[in-house]
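Please look over the structure below with its overall shape, its domains and its ligand surroundings in mind. The briefing that follows takes these topics in turn.

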Amino acid sequence: MRFDIVTIFPELFAPHLTQGVTRRAFETRQVDVRLWPLRDFAVDAYRRVDDRPFGGGPGMVMLAEPLEAALAAVRAERGAPPAVVHFTPAGQRLDQAQVHQFAAGDGAVLLCGRYEGIDQRVLDRHVTHQISLGDYVISGGELAALVLLDAVARLQPGVLSAPSHEQDSFSDGLLEGPAYSRPVQLPRADGASDGVPEVLLSGHHARIARWRREQSLALTARRRPDLIEAARAAGRLSREDER
Ligand code: SAM
């Protein structure tokens with residue numbers, strides 16, 4: 001799959017695409033990321049990509065013409081993209097279901113907004129998906145693009161050493177419960193210590209799986225009861241889960 005990223009800060013991407021488990025997906029081009037520095041498509045001698053908004057008001061707006069030229073260049077190279085994504089607080093909040101859709105697709109063009117945002121005419125002409133990270137405002141769409149790329153890359157076959165994403169939060173509609181590792185007893189300053197739940201040391205796989213499921217259900221019921229309701233409505237809770 002191929003992601004074409006239109007941005008005024010292409011240098012923000014390399015540090016994130018060359019580290020950690022997802023690196024493999026990017027280096028092998030399983031997830032092929034192409035960067036399109038927007039200033040290369042500026043139409044004036046000053047390489048301007050922003051200007052004041054018509055009607056007045058604070059901040060600057062990303063100019064339509066450089067964006068149109070960048071999108072035309074992307075199309076000339078790859079043909080019509082399967083999706084054009086605009087990251088915006090006004091978008092649909094990104095969730096794991098949408099990540100799975102992108103992970104199974106052929107990629108997209110990702111438009112990274114800056115300043116007060118992008119000239120609306122570009123959005124009206126080209127955008128197929130508006131995606132938000134959540135109800136807060138960040139300085140640019142690059143971090144949002146990186147979030148999507150990371151979430152998509154870790155779902156690609158062979159990227160994680162075991163298919164651990166199948167146990168991740170949201171994969172079965174619930175939150176993932178707690179995890180523990182060495183030491184078995186973690187000393188406290190007062191001389192006492194915090195142990196590990198006994199069942200995890202038992203070697204009894206069925207009991208461990210049941211305990212993990214119960215922890216996941218309890219955590220989800222406490223923090224995100226809406227997810228329990230959704231799992232119930234989708235028939236994803238067993239009779240044992242409901243006990
Ligand atoms: N004035 C805009 C507003 O109030 O909606 C915010 C502009 S923000 C400073 C600059 C860019 O950051 C946006 O165009 C968008 O691409 C990105 N951005 C900011 N918050 C975001 C969010 N919650 N989700 C996705 N992208 C966001």
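Helices (H or I, at least four residues) and strands (E, at least two) are DSSP runs, numbered from the N terminus. On that basis, β5 provides 3 residues to the shell around the ligand, which is the largest share. This is a predicted model, in which local features need pLDDT of at least 70 and side-chain atom pairs count only at pLDDT 80 or more, while totals for chains, interfaces and linings use all residues. Residues are numbered from 1 along each chain as its sequence is written.

**Overall shape**
- The protein has 9 helices and 9 strands, and its C-alpha trace spans about 70 × 40 × 35 Å along the principal axes.
- Its radius of gyration (taken over C-alpha atoms) is 23 Å, whereas a compact globule of 243 residues would have one near 18 Å, by the rule of 2.2 Å times the number of residues to the power 0.38.

**Domains**
- The domain assignment, which is automatic or from a database, gives domain 1 (2-153) and domain 2 (169-242).
- The C-alpha centres of domain 1 and domain 2 are 37 Å apart.

**Ligand surroundings**
- There are 18 residues around the ligand, and F87, G113, G117, L133 and G141 come nearest, a residue being near if its C-beta atom, placed from the backbone, lies within 6 Å.
- Both β5 (84-93) and α6 (141-153) supply at least two residues of the shell around the ligand.
- The shell around the ligand comprises 8 nonpolar, 8 polar and 2 charged residues, where Ala, Val, Leu, Ile, Met, Phe, Trp, Tyr, Cys and Pro count as nonpolar, Asp, Glu, Lys and Arg as charged, and the others, Gly among them, as polar.
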